[in-house]
Amino acid sequence: MVGGRTTVLSSVVSSQLVHAEYGGVVPELAAREHMKAIVPVVEAALLQSKVAWSSLSLVAVTHTPGLMGALLVGLPFAKALSHSLGVPLIGVNHLEGHVFALRLENPELEPPFLAAVLSGGHTELLVVEEWCRYRPLGSTIDDACGEAFDKVAKLLGLPYPGGAEVEKLGREGRESIVFPVPDPGGFDFSFSGLKTAVLYHRRDHPDAPRADVAASFQRAAVAAVTSRIEQAVRRTGLRVVGVSGGVAANGFLRERLAELALRHEFRLVIPRPAYCTDNAAMIAAAGTERFARFGPSPLDLPAAARTPLA
Ligand code: KG4
Ligand code: ZN
């Protein structure tokens with residue numbers, strides 16, 4: 001460990017409700033909402049933490065991956081802040097942020113361990129060999145896990161983002177429909193076939209209770225995740241598994257993972273739901289470690305829509 005513990009003094013999240021109307025994220029609107037939110041959110045975070053601007057010593061910011069319009073609001077803002085305060089800037093890969101969310105409440109967590117990042121845009125299984133050094137095992141070959149939840153939510157007439165809505169509806173239903181658990185082989189994931197199976201089921205059985213569809217879809221999606229993790233634990237022999245990203249907030253997934261951990265005697269680390277979904281505390285944690293290891297990022301650090309974790 002180089003960067004050390006992260007004490008969260010404040011964590012302010014601005015969620016964009018504007019997309020619900022469209023059933024998905026509209027990139028142009030996301031960028032505009034970022035513009036409106038960025039100054040009030042940073043001010044609120046400082047206010048809550050009772051830390052003065054002049055006490056800041058490092059500015060950490062997501063520079064990849066993500067929607068270009070959103071990155072092009074956050075990154076220049078962070079650069080301007082770093083320059084005007086005279087403190088270093090550190091660019092963070094958003095996925096690395098999700099990995100560091102695991103350490104927020106478990107400061108003693110040390111690599112090597114297995115990590116699964118399940119978000120709206122990514123589904124990654126990797127070995128954290130050392131902090132900031134990763135060995136990818138598998139990822140999705142089509143839709144991300146959260147994306148599948150969002151698409152199924154839409155098919156069921158639920159609002160966007162739909163993951164938590166599918167979970168809520170699923171709690172009232174029975175797992176009576178057998179949806180295939182997708183298996184593209186190796187450590188990879190696939191969710192688009194499962195989403196299509198739900199689509200056909202809705203078309204062919206329009207009267208089937210929506211709660212049963214939600215519960216059955218969720219069972220299959222969660223089984224796809226737990227089976228990969230089980231396989232990776234067996235293959236790597238690692239005894240610590242961290243699961244993060246928005247989908248890790250799902251109570252059903254958390255229960256299944258807890259059972260798996262008992263059965264295979266590994267230690268399971270899942271952040272509290274607010275640290276599973278996107279938050280700035282995880283970016284600060286990743287940035288602190290990255291800065292301690294590699295020093296600051298240049299002020300001309302570019303934003304990039306896609307960069308794998310390496
Ligand atoms: O990590 P995250 O907040 O943002 C991205 O980096 O994408 O993940 C958002 C994703 C969305 O697809 C959302 O539907 C899903 O996480 N999600 C959930 C739950 N809460 C959020 N999926 C299933 N169950 C939940 N309770
Ligand atoms: Zn995320």
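Residues are numbered from 1 along each chain as its sequence is written, and chains are lettered from A and ligands numbered from 1 in the order in which they are written. In this predicted model, local features need pLDDT of at least 70, side-chain atom pairs count only at pLDDT 80 or more, and totals for chains, interfaces and linings use all residues, while side-chain values use heavy atoms, without hydrogens and water.

**The sheet**

Helices (H or I, at least four residues) and strands (E, at least two) are DSSP runs, numbered from the N terminus. Two strands pair if DSSP finds at least two bridges between them. Strands of a sheet pair through backbone hydrogen bonds, either parallel or antiparallel. Here, 5 strands form an open sheet in the order β5-β4-β3-β6-β7, with mixed pairing. Its edge strands are β5 (133-139) and β7 (267-269), and each pairs on one side only. Strand β4 (residues 123-130) runs antiparallel to β5, and 6 bridges join them. Within this pairing, V127 has R135 in β5 as its bridge partner.

Helix α3 (residues 94-104) carries both H94 and H98, 4 residues apart, about one turn of the helix. H94 and H98 are both buried (under 20% relative accessible area; exposed is over 50%, partly exposed in between, with a 1.4 Å probe and protein chains only).

**Salt bridges**

A salt bridge is a side-chain nitrogen of Lys or Arg within 4 Å of a carboxyl oxygen of Asp or Glu. The structure holds 22 of these salt bridges. The table gives some of them.

| Pair | N to O distance |
|---|---|
| E105 and R272 | 2.7 Å |
| R171 and E167 | 3.2 Å |
| R171 and E255 | 3.9 Å |

E105 lies in the loop between α3 and β3 (113-118) and R272 in the loop between β7 and α9 (273-276), so this pair ties together parts 167 residues apart in sequence. E105 is partly exposed, at 32% relative accessible area. R272 is also partly exposed, at 43%.

R171 meets both E167 and E255. E167 is buried, at 13% relative accessibility, whereas E255 is partly exposed, at 38%.

A network of salt bridges links R103, E129, E130, R133, R135, E289 and R293.
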